[in-house]
Amino acid sequence: MAEERREEEQLEIPDALPLLPVRDVVIFPFMIVPLFVGRERSINAVDSALTKDRLVFTATQRDITKEDPDPEDLYKTGTVCMIMRMLKLPDGRVKILVQGLSRAQIKDFAQTRPSYTVNIDKIKEPAVEPVPVEIEALMRNVREQLEKLASLGKVVFQEVMMVLDNIVDPGRMADLVAANLGLKIDEAQSVLETLDPIKRLEKVNDYLIKELQVAQMQVKIQSQAKEEMDKTQREYYLREQMRAIKNELGDMEEPTEELDEFRDKIKKSKMPPDVDKEAFKQVDRLEMMHPDAAEAALIRTYLEWLVELPWAKQTKDQIDIEKAKKVLDTDHYNLEKVKERILEYLAVRKLQPKTKGPILCFVGPPGVGKTSLGRSIAKAMGRNFVRISLGGIKDEAEIRGHRRTYVGALPGRIIQGIKQAGTNNPVFMMDEIDKIGMDFRGDPSSALLEVLDPEQNYAFSDHYLNLPFDLSKVMFITTANMADPIPEPLLDRMEIINLPGYTEEEKLEIAKKFILPRQVKEHGLSRKFITMQDEAVKKIIAEYTREAGLRNLEREVAAICRKVAKKVASGRTAVTNVTPKVVQELLGIPKFIPEAEQEVDEIGVATGLAWTPVGGEILYIEATIMNGKGQLTLTGHLGDVMKESAHAALSYARARADLFKLKPDFYKDLDIHIHVPSGAIPKDGPSAGITMAASLISALTQTPIDKDIAMTGEITLRGRVLPIGGVKEKCLAALRAKITNIILPDRNRKDIEDIPKDIRKRINFIFVKHMDDVLKVIFKKHKLPTPKKPSSKVKTKAQGRKHARP
């Protein structure tokens, strides 16, 4: 140390030096520190020092944000430094390495441009020799405190500790410790301005004790936080640290704001008394819990669900029957019965607002407009609309919700839908109710019994809420493709409204009024670019789609619009008139080929009518006989019911053999083969009974059947003709095949009303009660062999009561 002082004394420090203002750091004597110099005045000061004796005076700014400090912005006490190295950087800045030499004070400013030059008063530190015992003890204490601080995590270089062991000057020790303690600017400046070495060391000791206490508290905070959390959850660990710090600083605020907000929301939500009581009880529980407790998060989520549900919020029904009819007619073509039922419901609601609404179930094939019909109902009533899909649900909790004891528990689909709707009286549509599953987790269809029962759903209890919610104001509408899979108890709670598939004529009108205008608009076209003939639409319906609904028809129309849009975008502005020929050019070869028309009356070939989910179809049933041993062969991928109809037809023919001039045992020497073409397509149902009997009797009697007559009906052993379904679709299929004479069971007269009037006028309906009536009609052109009176010796069960007709 003595040598250092001698070197300092030997180095002549001039009275005037360039001034280098520094930020963020206080430089102490004998401290070596790198500095980045970027300000113009500071660079000029460095250049001035380098041209002389490399000495510069550093003073710290009071305000580090000030870019160009004035003389009053600098501390008066600073350090005379030696520039040891200098490096110019590419960005124009200068990096220098300086070493503090001695303290000094600014006397006055000799120059301000192009750099500060100051006159200084050199400060000579008093020597402390010999060092008193008290000072020696203080110095040892400083060393020990710094070592302890380093052990607690403070970064102190090992070289600093080695230098401290050899320092005997208290002032020098104070400067070295202060330089490595990381003090604030004002604290470090205070140490620099303290000229008495003993007082300076005492001040550094005080700061050191404070830093040591902070480090010990930090270790304590870390220890407390680690005991209360999982070490793998880093985010939670940081939150615990913050909480512990605030707690030690006395800055822990009570979380009353959130609780007050919950209480305010509970009051505003106008809950029923029981729910209101439970909500306030849960708020009180939350208040007693630690904010970061696991259960507190569960209660907080539960309260959020309670306050966000529309307990008292509802829309006012705006029921105008004429307006509602207009909305339904605008959105949907035909469906008169469905619209009439909806208007009846709205009329009752208008006269008696408190009436309990029905649970409607729309049953029909895909694409017939079941879901969009629900939207139209909501639109007509002025209610909110919400939809959920029940297809594939197997867990009862999907309907009733999970109990709050489970991790990640949530309310069921019903309560979630009510929250989504925002009112307690929406139109609530549940799609695909016929596709609900069931497994070990429960039966969702049984859970729906309470939801869809107007006598019970006024107090629906969700497992998550565990409180009653009134669903009686909700208008529930369900949809299904088929009613058969729906469990009987659930089906009993709903009013079934069948939406049959659209006929070809209806599809044509819908395509003209809805589909084509929509697709033209969506593809950026207009009527000046594309027109479509009715025959072209009919070709698309008959040969490119086979469905009850309209989805594939819309896809094919969209495909045509895309191809036209491509032409328009390529610069062709001429209108594209879509004809049947153009349809095939744009869409390729037809995907479906209609059944060919029968050209002549044939023996053993009868024209039947069948119902399919995509509409009606004509069905040619062929029968042929050959020598054999009395076997009946049935082909054409027939179901059990159709096979039974064939056996019933054969039994009828055998029982009436004498009437057709056949031997009583004719079947023993003959094999009979009945075939229904399109063998790859499964077929089943009872309505082909009379068609099979007609085909069989024609083959046995070798009498042709009139090709211009189509028929449908179920046959009994006594020859009675029973009613069947799908009359509308079957009649339209016959008309498409240019057959205008249709044989129907007499008990199907009522179903004729479902057929549009213009279609009815074009069809000659022939109603029959017995198979004998059918034979008279189909063999009118080619008369059947004259029957004889039945022999009294031949009497079977099927011939009892002399074949009396019902």
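Predicted model: local features only at pLDDT ≥ 70, side-chain atom pairs only at ≥ 80, totals over all residues.
Residues are numbered from 1 along each chain as its sequence is written, and side-chain values use heavy atoms, with hydrogens and water left out. Local features need pLDDT of at least 70 and side-chain atom pairs count only at pLDDT 80 or more, while totals for chains, interfaces and linings use all residues.

Helices (H or I, at least four residues) and strands (E, at least two) are DSSP runs numbered from the N terminus. Two strands pair if DSSP finds at least two bridges between them.

| Strands | Sense | Bridges |
|---|---|---|
| S1 (residues 16-22) and S6 (residues 117-122) | antiparallel | three |
| S5 (residues 94-111) and S6 | antiparallel | six |
| S1 and S3 | parallel | four |
| S3 and S4 (residues 77-88) | antiparallel | four |

Alanine 16 has asparagine 119 in S6 as its bridge partner, and glutamine 111 has threonine 117 in S6. Five residues lie between S5 and S6, which form a hairpin. Phenylalanine 57 in S3 stands opposite leucine 19 and also opposite valine 80 in S4.

Six of the six residues of S3 (residues 55-60) are buried, where buried means under 20% relative accessible area, exposed over 50% and partly exposed in between (1.4 Å probe, protein chains only). In a regular strand the side chains alternate between the two faces of the sheet. Leu55, Phe57 and Ala59 are buried on one side of S3, and Val56, Thr58 and Thr60 on the other.

**The five-stranded sheet**

An open sheet with parallel pairing is formed by five strands in the order S8-S9-S12-S7-S13. Strands S8 (385-389) and S13 (495-498) are at the edges with a single partner strand each, so one side of each is left without a neighbour in the sheet. From one strand to the next the twist averages 20°. Axes are lines fitted to C-alpha atoms, for helices over the stretch in contact, and angles run from 0 to 180 degrees between N-to-C directions.

S7 (residues 360-363) pairs with S12 (residues 475-480) over four parallel bridges, and valine 363 has alanine 480 in S12 as its bridge partner. Helix H13 (residues 336-351) packs on the sheet and touches S7, S12 and S13, with its direction at about 145° to that of S13. Helix H14 (residues 370-381) also packs on the sheet, touching S7, S8, S9 (427-431) and S12, and its direction makes about 175° with that of S9.

Threonine 479 is found in S12 and is buried, with a relative accessible area of 2%. Beyond neighbours within four places in sequence, threonine 479 is in contact (heavy atoms within 4.5 Å) with residues including Phe362, Lys370, Met429 and Asp431.

**The second largest pocket**

The lining of the second largest pocket comprises 37 residues, and Asn498, Leu499, Pro500, Gly501 and Glu729 lie nearest its centre. H13, S13 and helix H25 (727-736) each supply at least two residues of this lining.

**Valine 721**

Valine 721 is in strand S24 (residues 721-722) and is buried, with a relative accessible area of 6%. Aspartate 772 is 51 residues from valine 721 in sequence and 9.7 Å from it in space, C-alpha to C-alpha. Leaving aside neighbours within four places in sequence, the contacts of valine 721 include Ile690, Pro745, Val768, Met771 and Val774.

Key: 1 Å grid on protein atoms, 1.4 Å probe; cavity = no way out; pocket = protein on both sides within 12 Å on 5 of 7 lines; lining within 4 Å.
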